Amino acid sequence: MWKKLFFALVAAVLMPGLGNGQDPKAVLDGVAKSMGDVKSLQYAASGANYAFGQNAAPDTPWPRFNLKSFTRTVDYDAPAMRDEIVRTQAEPGARGGGGIPLVGEQRQIQAVSGTYAWNQIGELAAAPALAAAGDRLHQLWITPHGVIKAAMKYNATVETQTEGGKKMTVISFAVPGQLKVKAFVNQRNLVDKVESWSTNPVLGDVLTETTYADYKDFGGVQFPTKITQKQGGFPTLDLTVSEVKANVPTDIQAPDNVRQASVKVQTDKVADGVWYLTGGTHHSVLVEMNDHLVVIEGPQNDARALALIDEVKKTVPNKPIKYVVNTHHHFDHAGGLGAFVAEGAAIITHDVSKGFLEQGLAAPRTVQPDRLAQSGKKPTVEGMQDSVS
């Protein structure tokens, strides 16, 4: 018995972050009390956001937009979230995607409710955004109050660590098949930083780093007035918060057309051996060769790619998909490539994107194992120049 006690004391001294006797429930209850427990929350801010996955070249930062206003409403019970955004282009002459070039102001609504996601630009009707639901729920659960609620639900562990010379309580948990999370709580019992990992269709397991600073009391609720975020090593968000309202009425319901939306592929023959594959927001082309098939563009994610592959097999049975042509590296155009690799296809892309796609598709995909990870296949990426001699 004395020997066990001696080794336990040595472990406590040498590894203070382990076995420190903290009760996770008590720790989480204490943080929730310090921050102010809420069922819903709305905050207004201004600053900048960045179009993740839409950079002009693979090694450059995500394109920046000025946020004239940003209002986020979160219903933690649903769960649901709505972002109302007024943005302008920040860098004249900037190249990339995500809406560049943008003339004047653009009003956007980006929302999620349960498994449904949708977008609305200006006065246009709401449009389904099937591929965005996971990322938006990710953002919901890593808000300062959301991360504590998720930690309570998913049996978090708690330990003490020193970060940057400061003693921190580190809360760790996983949302099965969606996220891995570490939340760092400071000595005031406030969420200081959140590190979260998800599997991106192009990058593989990717880290999202979110920092919360300069907390202020808003009617009994502690909330940061400075929020910054990075994904894939580049900034994605920089907010200065001006107003926070707790327990506001929320009614974030998916429109009927969003609830009825599904991944569909429509096939239109445009010439002998050539078909246009439409449906949704991103389209592809199927070309039949003597002994194989070529698909031009494998967009969005596994769900879209797998629907394309099924339709291709119905359209031209008994010929393998030998190549998938990627027009450029943007995530909405490259997100389905992994499923084509799992099918046995080689990727044809521009030389500029070759190394980037090789690295991303070879990266670990452990948080949300996708079709590529499940297949065990290694990507083959062939580059090409602007012209073929």
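The second largest pocket is lined by Asn 55, Pro 58, Trp 62, Leu 203, Asp 205, Val 206, Gly 232, Phe 234, Phe 356, Gln 359, Gly 360 and Ala 363. Here a pocket is an open set of points on a 1 Å grid over the protein atoms alone, where a 1.4 Å probe fits, with protein on both sides within 12 Å along at least five of seven lines; lining residues have an atom within 4 Å of a point. The model is a predicted one, with pLDDT of at least 70 needed for local features and 80 or more for side-chain atom pairs, while totals for chains, interfaces and linings use all residues. Numbering runs from 1 along each chain as its sequence is written, and side-chain values rest on heavy atoms, with hydrogens and water left out.

The volume of this second largest pocket comes to about 210 Å³, taken as the space filled by probe spheres set on the points.

What does H9 look like, then? Helix H9 (a DSSP run of H or I, at least four residues) covers residues 351-362 and reaches 17 Å from first C-alpha to last, close to the expected 16 Å, that is, 1.5 Å times one less than its number of residues. Ser 353, Phe 356, Leu 357, Gly 360 and Leu 361 are its buried residues (under 20% relative accessible area, 1.4 Å probe, protein chains only). They span an arc of only 120° around the axis, so they sit on the same side of H9, the arc being that of directions from the helix axis to the C-beta atoms. On the other side of H9, Gln 359 and Ala 362 are exposed (over 50%).

Key. Helices (H or I, at least four residues) and strands (E, at least two) are DSSP runs, numbered from the N terminus.
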